[in-house]
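Reader: Can you walk me through this one? Keep it brisk.
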Amino acid sequence: MIEPDPYAEEDIGRLLGLLPPAPEGWVRAAQEIPAFRSMLDDLVTRAEADEVFQATLIADLEAAIAQAGYEPEPRAIEAVRRQMRARSDTES
Amino acid sequence: MNPEHATSRLSDAELVRRCREGSAEAWNELVERFSRYVYAICSRGFNLNAEDAEDAFQDVFTRVYARLDSLRDDSAIRPWIAQTTRRVCLDRIAAASREEPVDEIVPDQAGPSLDEIDEAFAVREALEELGDPCRDLLDRFFARDESYRTIGDELDIPQGTIASRISRCLDKLRKEFEGRKPGPQSSGDK
């Protein structure tokens, strides 16, 4: 018995259309995740050694980032906050 | 050629191994390879609005990066990313609508199903194998929704030949795709 052709060319075209490119800015931000992870690791190391810094990190992330010598730009703050959530999810 | 196409074709397992070793280049490629897939699940499969979809997209890759060590089977990165994306999207929907239990939330029925998005990803992988010029042409027409005029200008080909080129490339892609039907895969979680 001959099986029907499961994929006509229009089906292939329709499937290609389901995967448009993600916005470039989103992709770039995701590619920067390792850099922000290094920043978070540094902040955590400092917090473990310094209770005052630890309190700042918990109360005011932006101030903690600046105090540690990084530029407290919004995307850095958001990326570190996101990584803190992921880290907390992983540990729980 | 799109910059996105400049990535090498390492196997998924090799790519994951290099990411785990700290290769920034490998991580960039992993994000490139799965960005459309994650974006489609968030924005089309679950129909999240642009703001929620962007948050979910970043959450997914943040979790993937944080948990790469927990992946049991490196070649199962795609289903693992799919599962992570589904969880992130469901969490986001549940957070926005606390009165609705997460178990009762299903992807938007008007959009493509998650199975269709998986199928689309498999077609996309076949397209990568096909290479240029077909890869670029089909991507521009079907995924980027570019007009014949834009494609003709960008690729420096006569507009009158574009339809026949697309048809020939689709035929090649169909054959390539049907020659590499994927088998079922586990989620890869430990």
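Author: One term to begin with. A nonpolar core is a set of buried Ala, Val, Leu, Ile, Met, Phe, Trp, Tyr and Cys residues joined through C-beta atoms within 7 Å. Buried means 20 or more other C-beta atoms within 10 Å of a residue's own, exposed means 12 or fewer, and partly exposed lies in between, with C-beta atoms placed from the backbone.

Reader: What kind of model is it, and how is it numbered?
Author: This is a predicted model: local features need pLDDT of at least 70, side-chain atom pairs count only at pLDDT 80 or more, and totals for chains, interfaces and linings use all residues. Residues are numbered from 1 along each chain as its sequence is written, and chains are lettered from A and ligands numbered from 1 in the order in which they are written.

Reader: Which residues touch the most other members of the largest nonpolar core?
Author: Cys42(B), Phe57(B) and Leu138(B), out of 66 residues in that core. Helix 2 of chain B gives the most to this core, with 11 residues. Helices (H or I, at least four residues) and strands (E, at least two) are DSSP runs, numbered from the N terminus.

Reader: What does Cys42(B) touch, leaving out residues up to four places away in sequence?
Author: Leu48(B), Ala53(B), Ala56(B), Phe57(B), Thr85(B) and Cys89(B). Contact here means C-beta atoms, placed from the backbone, within 7 Å.

Reader: Switch to chain A. How many helices and strands?
Author: Chain A has 6 helices and 0 strands. Its C-alpha trace spans about 75 × 30 × 20 Å along the principal axes.

Reader: What about its radius of gyration?
Author: The radius of gyration of chain A is 22 Å, well over the 12 Å from the globule rule for 92 residues, so the chain is more spread out than a compact globule. That radius is taken over C-alpha atoms, and the rule is 2.2 Å times the number of residues to the power 0.38.

Reader: How much of chain A is buried?
Author: Buried residues make up 25% of its 92 residues.

Reader: Which residues are buried in helix 1 of chain A?
Author: Ile12(A), Leu15(A) and Leu16(A), in a helix that covers residues 9–17. Seen down the axis, the buried residues fall within an arc of 100°, so they line one face of the helix. The arc is that of the directions from the helix axis to the C-beta atoms.

Reader: What covers them?
Author: The cover includes helix 5, helix 6 and helix 8 of chain B.

Reader: And the whole A–B contact?
Author: 25 residues of chain A are in contact with 42 residues of chain B. On the chain A side, helix 1 gives the most, with 6 residues. By class, that side has 16 nonpolar, 5 polar and 4 charged residues. Ala, Val, Leu, Ile, Met, Phe, Trp, Tyr, Cys and Pro count as nonpolar, Asp, Glu, Lys and Arg as charged, and the others, Gly among them, as polar.

Reader: Which residues other than glycine have a positive phi?
Author: Asn47(B) is one, with phi near 55°. Asp156(B) is another, at about 55°. Asn47(B) lies in the loop between helix 2 (24–45) and helix 3 (50–67) of chain B. Asp156(B) lies in the loop between helix 7 (148–155) and helix 8 (162–178).

Reader: Is each of those buried or exposed?
Author: Asn47(B) is partly exposed, with 16 other C-beta atoms within 10 Å. Asp156(B) is exposed, with 7.

Notes. Two residues are in contact if their C-beta atoms, placed from the backbone, lie within 7 Å.
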